[in-house]
Amino acid sequence: MAAADTDTTAALRAEVAALRMRVQELERENQRLARIASSCTCGSKEDSVGSITSASSCLYGSCHEAQHNGKIHQSSALEKDLSYPFDHTVISTENEVQCNRNLEVNGLLDDSSKHTKRKGRQVGVLSHCSKRLVALKVMYFGQRFYGFSSEGNTEPTVESEIFKALERAKLMVGSRKESCYSRCGRTDKGVSATGQVISLYLRSNIKDVGGDMLDARSEVDYVKVLNRILPRDIRVLGWCPVPADFHARFTCLNREYKYLFWKGDLDILEMQKAASKFIGEHDFRNFCKMDAANVSNYRRRIIEFTISACDRRSNNDELCSMTIKGSAFLWHQVRCMVAVLFLIGQGLESPSVVDSLLDITRAPRKPQYKMAPELPLILRSCLFDKADFMCSSDANRSLTEHLNDEYHHHMLQAEIFHVALSCLPFPEPNSMETLKKKSNHIPLLSRQTEPSYEERIAKVKTKLADNL
């Protein structure tokens, strides 16, 4: 019996010693998890630092369990492009967004949590990381957008879609205001662009972004990352680092627009003769939508205005384009100039009407006329000094494939309409309709006019005085 008691006592003592060691291990683990929890602001601050908080349990325990269950093997392609660490732990200097990022990587952040705001900070916007001022060249097809700018209340806009993609990709550094965002132009509803440029501070993989050398392979592939998130009718074409004084609007040297149209019976020679009169610096108040409250100078310089064929034909008609290049443009200026040229091409106005409308002493008030449609207008390019946009080979290949797919899709749709047209009986062209149109035309200089700039600004001042 004595021997048996001795063996039992020894076994109990060994078990107690093992339990003590296990308790010490658990206490050390508890302290480690408490340190992790103390650096994470997404959990409750009411829990004691010395205990395992719900945040640390979520962060470590669930991730650890998922890892052992084989649910986590590698990060997604997007996270690889953004160079996100896959480690589920969070160092003590990381903030709430980084905690949420690790949870999302491991599939532990639900949809409601992804869009939650805590302490006024938006998920998807970083504030403690390397950043650099970047210019992005953007292409978009404007048919479904209510213009580029998101300042109005109507959605969708191109700008709003771009910022959604930036936030989803976690490329934003601080708020939109803090990012020093600027845009080259504000295209209207329905207008497309192949060379719009924006600039803002974005997250960078390079700690010392002030250095002269740039290894693009080390940097975030902004083009590839954003194009995986953006809708199909918006694409980023390239990016480049820019100096701190860069401003997409005010440092732009010139903008180029293209306007597409079918030749029909238009007199292209007369239109080109009139278009040449726009070249140079003029007061274009009769060729824009006047915004007297915000714009007082209506002088702009046109560098080039040419009309040429596009080598595209359909139903015995020829596609043409106008190329308009200038330092800057007023609101609706291009569409107003094109509208007057169309009247000249139809023989309803003389090219000399352009001279008359550019002479504000002779025509101080804009005659009422309808602008040209917005759909054929394209912001072709924006020129900057020493802005060399780059695009990785992978991103460029994806862009090419995407645009080819879109082109073939729309060519098929065009052919469907062509087949539909072939099923209709076509009457002979009625020359009487053209004569009737000319007889009903009211010359521009004989039409009712809009208020002059002086009358508009006087009204604005009166309204301001009444509100004081």
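Trainee: Which ring does the charged end of Lys366 sit over?

Mentor: The ring of Tyr369. In this predicted model, the charged end of Lys366 lies 5.0 Å from the centre of that ring. Lys131 gives another case: its charged end sits over the ring of Tyr201, 5.0 Å from the centre.

Trainee: How many aromatic pairs are there?

Mentor: The count is 12 aromatic pairs. One of them is Phe278 with Phe305.

Trainee: What describes a pair of aromatic rings?

Mentor: Two things: the distance of the centres and the angle of the planes. Now take Phe278 and Phe305. Their centres are 5.5 Å apart, with 20° between the planes, and the pair is stacked. Stacked calls for planes under 30 degrees apart.

Trainee: Where in the chain do Phe278 and Phe305 lie?

Mentor: Phe278 is in the loop between helix 8 (268-275) and strand 10 (280-283), while Phe305 is in strand 11 (residues 299-314). The pair therefore ties together parts that are 27 residues apart in sequence. Phe278 and Phe305 are both buried. They also belong to one aromatic cluster, together with Phe284 and Phe287.

Trainee: Where do nonpolar side chains tend to be in soluble globular proteins?

Mentor: They tend to be buried together. Here the largest nonpolar core has 90 residues, and Leu136, Phe287 and Met322 touch the most other members. Helix 9 gives the most to this core: 10 residues. Look at Met322 up close. Beyond its sequence neighbours, its contacts include Tyr257, Phe261, Met271, Phe305, Val338, Leu341 and Phe342.

Trainee: What span should helix 9 have?

Mentor: Count 1.5 Å a residue. The 13 residues of helix 9 should then span 18 Å. The end C-alpha atoms are 18 Å apart, so the two values agree. Helix 9 is mostly covered, with 13 of its 13 residues buried. Just after helix 9, Gly347 takes a positive phi of about 80°.

Trainee: Is Gly345 buried or exposed?

Mentor: Gly345 has a relative accessible area of 4%, so it is buried, as buried means under 20%. Gly345 is in helix 9 (residues 333-345). Sequence distance and space distance can be read side by side here. Gly345 and Met271 are 74 residues apart in sequence, yet 5.4 Å apart in space, C-alpha to C-alpha. Gly345 touches Met271, and also Asp265, Leu266 and Asp267.

Trainee: And where does Asp233 lie?

Mentor: In the loop between helix 7 (222-227) and strand 8 (234-241). Asp233 counts as buried because its relative accessibility is 15%. Beyond its sequence neighbours, Asp233 touches Met139, Tyr140, Phe141, Arg144 and Phe145.

Technical notes:
Residues numbered from 1 in each chain as written. Predicted model: local features only at pLDDT ≥ 70, side-chain atom pairs only at ≥ 80, totals over all residues. Heavy atoms only, no water. Helix = DSSP H or I, 4+ residues; strand = E, 2+ residues; numbered from the N terminus. Buried < 20%, exposed > 50% of the residue type's maximum accessible area, 1.4 Å probe, protein only. Contact = heavy atoms within 4.5 Å. Core = buried A, V, L, I, M, F, W, Y, C linked by side-chain atoms within 4.5 Å. Expected span 1.5 Å × (residues − 1). Phe/Tyr/Trp six-rings, centres within 6.5 Å; stacked < 30°, edge-to-face > 60°. Lys NZ or Arg CZ within 6 Å of the ring centre and 35° of its normal. Lists of a residue's contacts leave out its neighbours within four places in sequence.
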